[in-house]
Amino acid sequence: MTRTVYVNGEYLPETEATVSVFDRGFLFADGVYEVTSVLGGKLIDFDGHAARLERSLTELDMAVRLHRDELLEIHRELVTRNDIEDGLVYLQITRGSDGDRDFVYPAEDTPQTVVLFTQSKPGLADSPAAKKGIRVISIPDLRWDRRDIKTVQLLYPSMGKMAAKAEGCDDAWMIEDGKVTEGTSNNAYIVQGNSIVTRELSTDILHGITRAAVLRFAREAQMQVEERAFTLDEAKAADEAFVTSASTFVMPVVEIDGVALGDGTPGPVARRLREIYLDESRKAAI
Ligand code: PDD
């Protein structure tokens, strides 16, 4: 089946959708994105993703031109047209193009480029990786200092994923000053005794929408949460670890740099949080 994608106001077959070669997203990575998961044909945490999109645009002096209701309608239309039961909706907005390459931003009224497409992932919530847990390596965090803005500059995270693959692992945790910032495309957590530890919000990390929901559910379930940076050494000595993101929900981590955590299988806290997150999110999906 040919996918239907959305480009600048039109729904088109993917083979007919085009963007200018001068687009600033292509030339300068001058754009932001969001990934929203779909379970049972419904959107998970849509409001959170829409709010973060507005924040990312504003932080980059880009106008917020699409109202939340319009965005929701486009998301839903794509889910319907592409018959998505489980999967993802990817959205990208770039500063557009004024027909040439120039470091200076184009005039403020230059149309932005808006692209959305779906990825079908049957059984997304049932992933075998969640049952086994994933293995991560550590790499230095060489990204820029505004990681709170969800820009499309993803080359370094992509390199991190490749470095992990080269070592037979699944992902990389990025380290700055001895402390874990986040995974290549997820937020990182460890469990020490009764306490769930994850880095506090700042410009050092992306303010994960899944993170916000998971911490809320953890607190509601009377679990102890500590929002502070933790070291790589602490992580290797932790009882358990996990990551969160819109595409993986709560994913147990069972090994860091070849060091097995606990008995090397997904821990009870990660398993419970995954269950709560999936239950509650399905209930609240729109
Ligand atoms: N990535 N940190 C980084 C660097 C991320 O790229 C992501 C999401 C997260 C988790 O954010 P959220 O819970 O809002 O998905 C944290 C998406 C899924 C991606 O790039 O595909």
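Q: A strand is a DSSP run of E with at least two residues; between which strands is D257 found?
A: In this predicted model, D257 sits in the loop between strand 14 and strand 15 (259-260).

Q: Why is D257 called partly exposed?
A: Partly exposed covers relative accessible areas between the buried limit of 20% and the exposed limit of 50%. D257 has 31% relative accessibility, so D257 counts as partly exposed.

Q: What is the phi of D257?
A: D257 has a positive phi of about 50 degrees, although D257 is not a glycine. Most residues other than glycine have a negative phi.

Q: Which loop holds D61, and what is its phi?
A: D61 belongs to the loop between helix 2 (46-59) and helix 3 (68-81). D61 is not a glycine, yet has a positive phi of about 55 degrees.

Q: Why is D61 called exposed?
A: The label exposed needs a relative accessible area over 50%. D61 has 61%, so D61 is exposed.

Q: What makes a set of residues a nonpolar core, and which members of the largest one touch the most others?
A: The members must be buried nonpolar residues joined through side-chain atoms within 4.5 Å. The largest such core has 29 residues, and L39, I196, F242, F249, L273 and Y277 touch the most other members. Helix 8 (268-284) is among the elements giving two or more residues to this core, and helix 8 gives the most, with 6 residues. This core draws at least three residues from each of domain 1 (4-124) and domain 2 (128-284).

Q: Which residues is L273 in contact with, leaving aside its neighbours within four places in sequence?
A: Contact requires heavy atoms within 4.5 Å. Apart from those neighbours, L273 is in contact with I196, V214, A218, M223, F242 and V250.

Q: What lines the largest pocket?
A: The lining has 46 residues, with Y33, K150, T184, S185 and N186 nearest the centre of the pocket. By class, 19 are nonpolar, 17 polar and 10 charged. Helix 5 (residues 155-166) gives the most, with 4 residues. Domain 1 and domain 2 each supply at least three residues to this lining. The volume of the largest pocket is about 1,100 Å³.

Note on methods:
Residues numbered from 1 in each chain as written. Predicted model: local features only at pLDDT ≥ 70, side-chain atom pairs only at ≥ 80, totals over all residues. Heavy atoms only, no water. 1 Å grid on protein atoms, 1.4 Å probe; cavity = no way out; pocket = protein on both sides within 12 Å on 5 of 7 lines; lining within 4 Å. Points joined across faces, edges and corners; volume = space filled by probe spheres on them. Nonpolar A, V, L, I, M, F, W, Y, C, P; charged D, E, K, R; others polar. Domains from an automatic or database assignment. Buried < 20%, exposed > 50% of the residue type's maximum accessible area, 1.4 Å probe, protein only.
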